[in-house]
Each structure stands twice: as structure tokens, then as C-alpha cells.
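Dear colleague,

Please find the structure handed over below, followed by an account of what was found in it.

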Amino acid sequence: MKNRVLSLILAQLNMNFAISHSRYYYLKKRQRLWEGILIVVSVIMTAALLSFGVYKLACAFYSQAAAINQERLTLVTGILAAQVLMLILGVALVIAVFYFSNDLPILIPLPLSPWEILTSKFAVILANEYLGLLVFIVPLFAAYGMRADVSIISYTLSSIIVFLTLPVIPVAIASILAVILMRIVGFTKRKDMLTIIGGFLLVLLIIGVQFYMQTKLSAPGDEQEFMIQLLSQANSLVAIAGKQFPPSIWATWAVSDSGTSKGLLSLGLFLGVSALSFGLFLAVGNKFFYQGVLSGFEAPTAKRGTLVKKSGRAQFSERTPLLSLAVTEMKLFSRTPVFVLNGFIGFLMFPVMLVVLLFMGNDPEIAGLWGSLVKMPEFHSIGALLLAAYFFLLAMFSGIPFSSFSREGKANIWFLRSLPISGRTAAMGKALAAEIMIVVGAVPGLAVLEYIARLPMTSLIIGVSLGIFSSYALCIWGVLLDMARPMLDWTDQQKAIKSNLNTAIGLVIGTVVLFLMGYPVYILFRRGYSGLVAQAISGVIIAVVLAFGLKVLGVVGDRLWSSIEL
Amino acid sequence: MAKAGDACLLRLEGVRKTYRGSSTKAVDNLSLEVAPGEIFGFLGPNGAGKTTTIKMIVGLLIPDSGRIIVNGKDMVKDPVAAKKSIGFVPDNPNLYNRLTGLEYLNLVADIYRVSAAERIRRTSELLSMFDLTSAAGDIIESYSHGMKQKLALTGALLHNPPLFILDEPMVGLDPRSSKLFKDLMRNHCDQGYAVFFSTHILEVAERLCDRVGIIDKGKLIACGSMDELRTLSNEAEESLETIFLELTEPEEAV
């Protein structure tokens with residue numbers, strides 16, 4: 001008899017990666033087999049390209065670091081970035097997988113302990129993290145291993161162990177924080193809103209702690225001591241850089257010094273703390289998970305009778321179908337914690353990080369860089385274009401347009417599809433909602449940028465206008481992409497938005513469009529054309545991308561809409 | 001809003017559907033008509049093709065061949081116009097849980113272009129009938145299964161559709177709501193509109209329907225009034241249940 005936790009893990013992984021589902025549709029029923037093959041080939045090719053890029057970057061970084069006797073900085077930088085990113089983005093992921101999965105009503109009535117369910121869900125999160133790490137960490141380890149003087153066997157072995165353990169600590173910390181948050185939220189009436197606020201506060205807390213640890217070490221006054229240490233002691237920067245997240249230091253030593261007593265000790269420490277954090281998570285989870293998840297099952301307190309009191313024309317205001325679709329879409333998005341935590345995180349993180357970097361960091365290099373940028377003759381034109389790029393990047397990274405139809409899921413898409421609306425209207429409604437959310441979300445970042453850059457009103461208007469049109473163009477293309485291949489069959493809302501392949505494809509499309517828009521502008525500046533010309537050219541490119549998107553939507557929108565069969 | 005008035009409100013002509021990757025025809029050469037003022041019951045064993053047929057009628061699936069005409073409009077060629085004449089409730093109506101009942105109804109009214117005055121009148125009337133008035137301001141997540149079913153029915157009736165399509169509408173309704181709903185279907189048809197619904201509850205179909213269609217393995221094997229079906233089975237006193245079981249008996253059992 002198979003261990004039931006193992007059974008549970010295998011079933012969860014099967015659902016997460018849609019293994020049986022894909023086998024049934026692609027292999028048995030041979031439905032859209034070409035699409036399956038295309039996806040696998042595209043994913044492998046993109047992953048290979050990214051891996052190659054990371055490898056080359058790591059090699060270049062290694063050469064630079066080795067010149068100052070700090071080659072292990074290559075490893076610690078990569079490991080640190082991966083762990084911090086997993087920690088920051090982990091909060092939303094954990095909340096989605098633990099508390100908003102469709103399978104919870106099936107799992108909870110089974111005779112399972114909370115820790116058993118949590119272990120299986122934790123395994124699902126780790127599996128997802130490994131996919132990202134494969135592209136990022138494996139080439140990094142390879143680059144270091146090829147260049148440094150290491151023993152192949154012990155280096156490979158340590159690398160594999162560290163790779164497999166790498167997500168455990170950040171995911172466990174994010175899980176502990178999320179479980180505690182959801183337990184607290186469970187006591188309250190406005191669970192969804194508090195989940196959103198709490199989730200964002202946790203992310204800010206994580207960023208704040210790391211910032212504090214980083215600045216504490218590079219505080220002014222230590223500079224001379226720091227330089228002496230840097231020059232006299234090899235790889236001293238590892239300890240300093242890794243202070244943001246200490247486990248990254250142990251992971252680095254475990255890999256770089258594999259086979260030595262220092263490496264083994266670091267590996268032991270890394271594995272020990274990983275096991276400890278996982279154990280702590282299970283203990284906390286076992287105590288609080290059910291309370292949090294069961295409170296989520298409780299129907300919100302109904303205040304029956306409200307309609308009778310409020311009844312009046314205001315509640316029955318008429319809107320056009322397009323506007324009504326867009327308003328409904330925004331309501332649904334903003335009331336769903338997992339969507340908000342994933343989609344809006346960039347809206348919050350960018351201004352916060354900008355404030356931290358420019359006002360609290362006291363970094364003379366950044367201040368110098370900023371100072372020289374402001375003195376550039378075309379600064380106002382560049383600033384306007386950077387504002388436009390900000391809108392575009394928010395649309396690109398939020399995942400909102402690329403998951404417009406996927407978010408409906410199999411449960412709800414029947415409703416939209418049965419309404420008397422054309423594919424074009426459905427898509428335009430979704431794109432409009434996405435654009436409004438992006439524009440509103442851009443306001444905090446815009447305020448910070450304007451406070452720093454002090455752009456004149458004309459540049460501000462030009463920048464914002466270009467930004468609105470460029471992000472709207474991306475929204476149209478994103479909605480089109482998601483209409484062509486909506487991911488409706490998901491087990492948790494996270495899969496509909498950030499773990500959706502369409503969001504990844506959207507990043508690639510966005511990068512290509514950004515390059516198409518940015519490169520001509522760069523060339524124009526290089527050749528000494530005025531900023532106005534660059535802005536005009538950008539406007540023309542954006543108009544072409546938008547017009548082409550609308551044209552494609554008009555031509556294929558209805559056909560794509562009909563092809564979403566249920 | 002579309003008005004009833006054509007010779008028939010729903011016409012299926014040689015409709016076929018085979019799911020990709022399957023060799024079995026889910027619906028095979030199905031033809032039927034539903035006239036104004038008619039309640040049409042659509043019966044069949046599990047997996048016979050009832051839901052597939054309904055999904056094609058409301059535009060959720062595209063037939064491989066054949067035509068579906070709703071109130072004079074072709075569902076494949078002009079789906080938006082055809083859908084305007086339909087009010088649809090599926091077998092398991094998942095609604096937007098994070099909207100309030102009223103927000104949901106307003107969305108439906110906006111899409112079907114129901115005027116503010118008309119939506120106030122219809123909403124109040126239907127919510128009151130289904131005893132949902134006091135819950136309309138709450139989010140749908142707080143509703144019971146039956147309440148969600150009733151809200152879906154309210155939404156589907158809000159624009160007074162000429163053709164009301166329902167997949168297993170009685171599931172989840174309490175006896176009082178069920179009775180109300182049956183009266184409502186009859187009243188709807190009395191206005192010259194039509195109702196097409198699938199059900200497994202044969203007693204309801206027998207008592208309520210003007211005509212009944214029985215589908216098995218994708219083919220329409222019988223269609224007509226109760227008297228016509230009894231003639232088909234050569235037994236004047238037979239119940240619909242007996243006729244249904246006779247007609248849909250598995251081959252090996254014959």
C-alpha cells in the first residue's frame with residue numbers, strides 16, 4: 001500500500017501539471033495535438049535560450065569577480081536573488097495554493113491531518129519553483145563549475161542537493177507568514193479585503209527586513225574598513241552580499257567548497273536549517289491551517305433585507321454592454337485576493353523600491369548616476385518615454401490582460417459565452433478593464449517618478465499619453481492571446497494568472513514590442529535627433545501596434561470566441 | 001428585445017456533433033421544432049446527448065453540420081442575434097461568487113439592454129417570486145445552492161426571452177420553488193413564448209410538457225405529445241416512464 005502522503009503528493013502534482021489531462025486530450029483524444037507539441041517545443045526553446053543567456057551572464061560576472069578575488073560572488077548573487085524572489089512572490093503563491101484551491105472541499109472531509117495536506121501542497125509549490133530554478137540556477141552552477149577549480153563529482157553532487165533544497169527555506173518562511181495571516185484574517189468579517197492588505201503588508205515586511213539587513217552592513221563610516229577587508233580577504237563579499245538572506249551564504253559555500261570540511265559544514269547547516277524551517281512550518285500549519293481554511297468556507301455574513309431598504313433607481317443604473325462587462329471584470333478582479341496579490345504586486349513594489357533605492361539607500365553611485373541623467377540635454381524627452389515604458393512594463397508584468405479569459409475558469413465561462421455579445425465586445429470589455437486597472441495602478445509609481453524627475457507638464461502629458469496607448473495596445477494583444485488559448489481548467493487561481501503560460505508568452509511578446517519601440521528611439525538619440533522626433537516615432541509605432549491589434553481582433557475575434565467550446 | 005412571432009421559436013435541422021478525438025456521434029442528425037406557446041421536454045438516459053444538444057442551441061458548442069434556428073436567427077451564422085432571444089440556465093449554474101445578486105442581475109440587464117424601468121419591475125417581480133428580495137444585496141458566495149439556482153433563473157428571465165432553455169432546472173429547487181417555477185414556465189408559454197428543458201423527472205415532463213422528445217445515443221428516437229408517444233408504443237394507458245424505459249432499453253437487454 002502506497003504511503004498516503006506520497007499518494008496525495010503524486011495526485012497533487014498530477015493535477016498541477018495536468019499530466020492525466022494532457023495525456024487524455026493530447027494523446028488519447030488527439031485534440032489540438034499540434035498545440036501541445038508547439039507548447040512543449042516553445043517552452044524548451046525559450047528555456048534553452050534563457051539558460052544560455054544566464055550562463056553567458058554568469059561567465060562574464062565570474063570574470064569580473066575573479067579579478068578582485070571575489071569569484072564566489074557569482075554564486076551568492078544568483079542564489080540570493082533566487083531565494084529573495086521566491087520569498088517575496090511566495091506569499092501570494094502560498095495563499096493561492098493553500099487557501100484558494102478548488103480541491104479543498106474534497107480534501108478537507110478526508111481523514112487527513114492538516115500537515116499531510118500541507119505537505120502535498122508544499123510539494124506542489126516546490127515543483128513549480130524548480131521549473132524556474134532550472135533556467136536560472138542550473139546555468140549559474142554550470143558556469144561556476146566550468147571556470148572554478150572544483151572536483152567534478154563532489155561539485156555536481158553538492159549542486160544537486162543545494163538545487164533541490166534551495167526553495168525550502170523561502171517557501172517555508174512565506175508559508176508560515178501566510179498561515180498566520182490567514183488565521184488572523186479568519187477571525188474577521190472582511191476576509192478577502194484583509195487577505196489582500198495583509199498579503200501586501202507581508203511583502204513590504206520582507207522587503208523592509210532585507211533592506212535593513214543590507215544597509216546595516218554598508219552604513220557610512222564602515223567604508224574604509226570594508227575596503228581593507230575586500231582587498232585583504234578573498235571572497236569576503238560573499239558574507240556581505242548574503243547578509244540579506246543568510247541561507248544564501250551557506251548554500252554558496254556548500255557548492256563552491258564542496259568536498260572540503262567547510263563545504264560539508266555549510267551543506268549540513270543549509271540542510272539542517274531547511275529541515276528545521278520545514279518542520280516549523282508543519283508545526284505552525286498543523287495548528288492553524290484548518291482554522292484559516294475552514295473560516296474561508298463560512299459564507300460571509302449576510303445582511304438580508306438590504307435590497308428592500310436601498311431599493312431605488314440608483315441600484316439599477318443602465319450601462320452599455322461594453323462598460324458593464326468592464327466594470328464587472330474590475331469588480332471580480334479586485335475582490336479576488338489571489339488575483340489582486342499577483343496582479344497588483346508590481347504596482348506597489350516598484351514605487352516602494354524606488355523610494356527605498358533613491359531616498360533611503362544613501363548610495364553615492366545611484367545618486368551620481370541619477371545626477372548625470374538629470375543633466376542630460378534630452379532628459380525631459382527621455383523622462384517622458386520612460387514614463388510610457390513604465391505603463392507598458394506594468395501591463396506586461398501584471399499578467400492581467402494575458403489571463404483575462406483564463407480567470408473565468410471552466411466554472412464561469414459558460415455565462416459569458418451564452419450572452420448575446422460578440423467576441424470583439426467580450427475582448428474589448430476585458431481589455432478596457434485591464435487598461436483601467438493598469439492606469440490606476442500606475443498612479444503611485446507615476447507620483448514617485450514625477451517627484452524625482454520633476455518633468456514639465458508637456459513631457460508628463462506626452463509620457464502618460466504614450467503610456468496609456470502603449471499599455472492598451474499590449475492589453476488588446478494580451479486579451480487576443482488569451483482568447484485564442486484560454487487556460488480554463490485550473491485547480492487554484494494562481495494557475496489562472498501567474499502560472500499561466502499565456503502570461504509567460506505575454507512577457508516574450510512584450511519584450512519584443514518594447515524592443516521594436518525602444519531600439520529606433522535609441523538610434524535616434526544616438527544620431528542626435530531631438531527628443532520630440534523620438535517621441536513622435538514612438539507614438540507612430542504605438543499607433544501601428546494598437547491599430548494592428550484592433551484590426552486582428554475585428555477579423556478573428558468572433559471566430560476565436562466561438563472556438564471556446566464547453 | 002426580440003419578440004416571438006415566427007412559426008416556430010426553435011428549429012434544429014439535421015444537427016450533428018462529434019467531439020474531437022471521439023468516433024461516437026454525441027448528437028446524430030437531430031431535427032426538431034418547438035412552436036410558440038409550447039413547453040418541450042427533452043428526455044434521455046445519461047450520456048444520450050441532451051446537454052450537448054442544449055449547449056449547441058445556446059451557442060456554447062458549434063455543430064459539425066446542420067442548422068439551429070432560434071426565433072428566425074441562425075445560431076452559427078448570427079450568434080449574437082440568436083442569443084438575444086434565449087434565456088438559459090445550465091444544469092449547474094456557477095455564477096460570479098464575488099458579485100452581489102443585484103450586480104449580477106444588472107450585468108445581465110445591461111447585456112440584454114433591458115431599460116432601467118423594465119429591470120426594476122422585472123427584478124422586483126422575479127426576486128419576490130423566488131423569495132430572494134432580501135438576499136439580492138448580498139454576495140452570491142453567501143447563497144445556498146437553491147438560491148443560486150433561483151438567481152440564475154431570475155437572470156435568465158429578466159429580459160423576458162421568447163425561448164427559455166433549461167438543463168435540469170428542478171435540481172436544487174425546494175418543493176415550493178419548484179411549483180412556482182412550473183407555474184412560471186406555463187405562464188411564459190401562455191404569452192406565446194416557448195420553453196425547452198431537459199429533465200430526468202419523468203412525472204414532471206408528463207404533467208407539464210406539451211410535447212416530449214426522447215434522445216438516445218445521439219438520435220431522436222421519439223418526439224410528440226403524450227398521446228402520440230402512447231400511440232407509438234401501442235399502449236393507451238402507459239406512463240411516460242414505461243414508454244421511456246421501453247424506448248431506451250439497452251440492446252443486450254432486448
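**Salt bridges**

In chain B, Glu13(B) and Arg11(B) join their side chains in a salt bridge with an N to O distance of 2.7 Å; the term denotes a side-chain nitrogen of Lys or Arg within 4 Å of a carboxyl oxygen of Asp or Glu. Glu13(B) is partly exposed at 29% relative accessibility, and Arg11(B) is likewise partly exposed, its relative accessible area being 23%. Here buried stands for under 20% relative accessible area, exposed for over 50%, and partly exposed for what lies in between, with a 1.4 Å probe and protein chains only.

Please note that this is a predicted model, in which local features need pLDDT of at least 70 and side-chain atom pairs count only at pLDDT 80 or more, while totals for chains, interfaces and linings use all residues. Residues are numbered from 1 along each chain as its sequence is written, chains are lettered from A and ligands numbered from 1 in the order in which they are written, and side-chain values use heavy atoms, with hydrogens and water left out.

Over all chains, the search of the whole structure gives 23 salt bridges. One of them pairs Asp257(A) with Arg72(A), whose closest N and O atoms are 2.9 Å apart. Asp257(A) sits in the loop between helix 12 (247-256) and helix 13 (261-297) of chain A, and Arg72(A) in the loop between helix 3 (33-67) and helix 4 (73-99) of chain A, so this pair ties together parts that are 185 residues apart in sequence. Helices (H or I, at least four residues) and strands (E, at least two) are DSSP runs, numbered from the N terminus. Both Asp257(A) and Arg72(A) are buried.

Another salt bridge links Glu408(A) and Lys430(A), with 2.6 Å between the closest N and O atoms. Because Glu408(A) lies in the loop between helix 19 (379-398) and helix 20 of chain A and Lys430(A) lies in helix 21 (residues 423-453) of chain A, the pair ties together parts that are 22 residues apart in sequence. Glu408(A) is buried at a relative accessible area of 6%, and Lys430(A) is buried at 4%.

**Contact between the chains**

How many residues does each chain bring to the contact? Chain A supplies 46 residues and chain B supplies 51 residues, where contact means heavy atoms within 4.5 Å. The two chains bury about 4,500 Å² between them, and 58% of this is on carbon and sulfur atoms; buried area is the accessible area (1.4 Å probe) that two parts lose on being put together, summed over both.

Three salt bridges are found across the interface of chain A and chain B. In one such pairing, Lys331(A) meets Glu103(B), with the closest N and O atoms 3.2 Å apart. On the chain A side, helix 14 (306-310), helix 15 (321-334) and helix 20 (409-418) each supply at least two of the residues that touch chain B. Helix 20 of chain A gives the most to that side, with seven residues.

**A buried histidine**

In chain B, His159(B) is placed in the loop between helix 5 (145-157) and strand 7 (163-167). His159(B) counts as buried, with 1% relative accessibility. Its side chain reaches the backbone oxygen of Ile86(B) at 2.9 Å.

**Aromatic pairs**

Over all chains the structure holds 25 aromatic pairs, that is, rings of Phe, Tyr and Trp (its six-membered ring) with centres within 6.5 Å, counted as stacked if the planes are under 30 degrees apart, edge-to-face if over 60 and tilted for the rest. Phe98(A) and Phe289(A) make an edge-to-face pair, 6.3 Å centre to centre with 80° between the planes. This pair links distant parts of the chain, with Phe98(A) in helix 4 and Phe289(A) in helix 13 of chain A, 191 residues apart. Phe98(A) and Phe289(A) are both buried.

In chain B, Phe40(B) and Phe196(B) are stacked, at 5.4 Å centre to centre and 0° between the planes. Phe40(B) belongs to strand 3 (residues 39-43) and Phe196(B) to strand 8 (residues 194-198) of chain B, so the pair ties together parts that are 156 residues apart in sequence. Phe40(B) is buried, at a relative accessible area of 0%, and Phe196(B) counts as buried at 0% relative accessibility.

With kind regards

Methods: Polar contact = N/O pair within 3.5 Å; in protein donor to acceptor, adjacent residues only side chain to side chain.
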